[in-house]
Amino acid sequence: QICNQHNAEAPSLEQTFHRMAQTEPNLDHDVPWFILPSYWAKMVVALISFLCFANSYDGDFVFDDSEAIINNKDLRAETPLGDLWHHDFWGSKLSSNTSHKSYRPLTVLTFRINYLFAGGFYPVGFHVINIILHCTISVLMVDVFSILLGGLQFSNKGRRLNLAPKSSLLAALLFAVHPVHTECVAGIVGRADLLCALFFLLSFLGYCKAFRENKEGHNFSIFWVLVSVILGAIAMLCKEQGITILGLNAVFDALVINKLNVLELIQRLLHKDKSLENAGLLKKGLLFRITLLMSGGASILYIRWRIMGTGPPAFTEVDNPASFADSLFVRAINYNYYYSLNAWLLLCPWWLCFDWSMGCIPLIKSVSDWRIIALAALWFCLIGLICQALCSEDGHKRRILTLGLGFLIVPFLPASNLFFRVGFVIAERVIYLPSIGYCILFTYGFSLLSKQAKKKKILAVAVLGILLINAMRCALRSSQWRSEEQLFRSALSVCPLNAKVHYNVGKNLADKGNQSAAIKYYREAVRLNPKYVHAMNNLGNILKERNELREAEELLSLAVQIQPDFAAAWMNLGIVQNSLRRFEEAEQSYWTAIKHRKKYPDCYYNLGRLYADLNRHIDALNAWRNATVLKPEHSLAWNNMIILLDNTGNLAQAEAVGREALELIPNDHSLMFSLANVLGKSQKYKESEALFLKAIKANPNAASYHGNLAVLYHRWGNLDLAKKHYEVSLKLDPMAPGTKENYNLLRRKLEQLQKKGG
């Protein structure tokens, strides 16, 4: 309960809060919702948030997880921990021209811990942590919403009071089950948003603790203000949006702690009224606290700027076409259209997609485009809410609407294209934090409707229905995020014009060996985006494997014409030209690929194959040696070196290369096989036999392994064992070249021996 006893002296800050609690209108009074003790409310929120996303726990690594986790060397133990502080989210050096400048070292650190504890890339542990984080954030939301909706008041013992238990529970449930959060929870890379949100909320709650006690005449604790700044910095080291909490803390301080009337302050400033003390600007140390927050924020941004470097991230037109428009009008109108689509995703999160780029949302180029209506609707609503937030005579209403708009808009600003170009059109993950503002506004709107409604139970049932539908949508969407096939196919109906969606469906089919279906989707991707070089490259690769070399060459030539530094396309073009026996052109293509990607072991490998076909053996060996230097585990390059040296009679050198290769890749059965052949020819039968048997144990169904071991036994004079392995080889592959002839020779020899013995 709120204590009613007061001292005869001037009222303390705490006593002021008690009077606020008594005089402010209670939001819960008109909300037809159930009330639970704080502990049970948090348990309910935790359970429901867990049930919404629990089915994503055993999902695969999907979409961006491959680059951020599987291909990210910063997760591996051999990478020094210090490198995390100089690399971006994807493991690239921040100083690199190709870096996206997404500096999130603490998020990468959690991935690394996941990897080390799991002993490898096992996605279950990664998913479980994401689910736990969302549940924790949803539970914290009960406290956060109780402050934002009910105000910040404390008891005499310094315990924070929850003056809006029903409203805060409803808002926390709305947040917990919002389907737009699925990408953050079910997609592992969404952990950046989850960790950012966690420290974002802790920073806010820490700031609120600064006003818990009144010691020695001070109205606030500098310690907790500084803790809030530090937690904001940690949030930013998880994801860039985290820094915005410092601005929101300042807004909260002004509106809730100081009861600042923004409209009155603006009027005083316009009339050059210098009595700002009466307006509340300097009351209770507001100006000092804001100075602390702003100084901390500026210092954090400066340090990040120095680490990141001054160059902006490099994005392409397909990532964010509006930002590349020449006309300021086109840029502005499309940015606003994107804002309206983000707002719609919060209001109606039914059409969700893993990627909204590459033609998914065509540019608005004139005012005659009917989509202008969406912009008008957005700004009509925003202006109406802003007017109410500034001009309403009801201070309680002003506070809630301003806080709702603040938490809706401020965390979204880094993704708004206003300060710098971003690398996406719409990204569902970036509205994880802005959804806090949506939940505040929804809950307040629900309370206003309930106040006017005669049948409040119908409204309550409607809200319960929204929660249930959203929870079901979360479960369905989480299941779609469990595998790339389901995720990519789910996007076909939402963004049929998105070339990347068709590309990813095609890539997934190609990885599963369904080349015919993959071709269809790759062709559609190229049709939708005629400059989509990655789709051209992959389609060209499949056509090359199907021996449709002319079309493959056309596609790959077009790809390198569009993007001259596309090293992979140059290499694949060289492979096609080699197959067409245009060797000079192939060699030139390979060297162009290496020019654009210095460390390209696969290209050196293919260049070596070209030189081998041309009988340029020294050049071939040098090329393969380069491949193995760049990639010591490049088994094919090692094998080709051994085989070429073997075929040219350099057995000693072949043996040395084979032993070197097996030291680096000790479990590669193909290397065992190649070295065993060399040792057999060098009459090192015992060692050769051991390697053959080890290779067969690793790959027992390889007919050539049995066939060559039989040849070894044949030479060695172990004819019975030779017969056995010839027969196994022929059983596995009746058409094995040379094996049948060798087997027939052995049988004749055995028959002759039997006759002599008889």
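This report describes selected helices, helix contacts and loop residues of a predicted model.

## Helix α21 and its surroundings

Helix α21 covers residues 515–528, and its 14 residues reach 20 Å from the first C-alpha to the last, close to the 20 Å expected at 1.5 Å a residue. The buried residues of this helix are Ala518, Ile519, Tyr521, Tyr522, Ala525 and Val526. An α-helix has 3.6 residues a turn, so residues three or four places apart point the same way. What covers the buried residues of α21 includes α19 (484–494), α20 (499–511) and α22 (533–545).

## Two helix pairs

Two packed helices are described by the angle between their axes and the distance between the axes. For helix α23 (residues 549–562) and helix α24 (residues 567–579), the packing angle is about 150 degrees and the axes are 9 Å apart. Because angles over 145 degrees count as roughly antiparallel, α23 is described as roughly antiparallel to α24. The crossing of α23 and α24 is left-handed. On the α23 side the contact involves Leu549, Ala552, Glu553, Leu556, Ser557, Ala559 and Val560, which meet Ala569, Trp570, Asn572, Leu573, Val576, Gln577 and Ser579 of α24. These contact residues divide into 9 nonpolar, 4 polar and 1 charged.

Elsewhere, helix α4 (residues 105–118) and helix α8 (residues 191–209) have axes that come within 9 Å and cross at roughly 115 degrees, and the crossing of α4 and α8 is right-handed. Helix α4 contributes Leu106, Thr107, Thr110, Phe111 and Asn114 to the contact, while α8 contributes Arg191, Ala192 and Leu195. The residues of the contact between α4 and α8 comprise 4 nonpolar, 3 polar and 1 charged.

## Asparagines with positive phi

Most residues other than glycine have a negative phi. Asn547, in the loop between α22 and α23, has a phi near 65 degrees, a positive value in a residue other than glycine. With a relative accessibility of 58%, Asn547 counts as exposed, because the cut-off for that class is over 50%.

Asn615 is placed in the loop between α26 (601–613) and α27, and its phi is also positive, at about 60 degrees, although Asn615 is not a glycine. The relative accessibility of Asn615 is 58%, so this residue counts as exposed.

## Lys631 in a loop

Lys631 lies in the loop between α27 (617–630) and α28 (635–647). Its relative accessibility is 29%, and Lys631 therefore counts as partly exposed. Lys631 and Lys599 are 32 residues apart in sequence, while their C-alpha atoms are 8.9 Å apart in space.

How values were computed
Residues are numbered from 1 along each chain as its sequence is written. This is a predicted model: local features need pLDDT of at least 70, side-chain atom pairs count only at pLDDT 80 or more; totals for chains, interfaces and linings use all residues. Side-chain values use heavy atoms; hydrogens and water are left out. Helices (H or I, at least four residues) and strands (E, at least two) are DSSP runs, numbered from the N terminus. The expected span of a helix is 1.5 Å times one less than its number of residues. Buried means under 20% relative accessible area, exposed over 50%, partly exposed in between (1.4 Å probe, protein chains only). Contact means heavy atoms within 4.5 Å. Axes are lines fitted to C-alpha atoms, for helices over the stretch in contact, and angles run from 0 to 180 degrees between N-to-C directions. Angles under 35 degrees count as roughly parallel, over 145 as roughly antiparallel, 65 to 115 as roughly perpendicular and the rest as oblique. A crossing is left-handed if the near helix is turned anticlockwise from the far one by less than a right angle, and right-handed if clockwise. Ala, Val, Leu, Ile, Met, Phe, Trp, Tyr, Cys and Pro count as nonpolar, Asp, Glu, Lys and Arg as charged, and the others, Gly among them, as polar.
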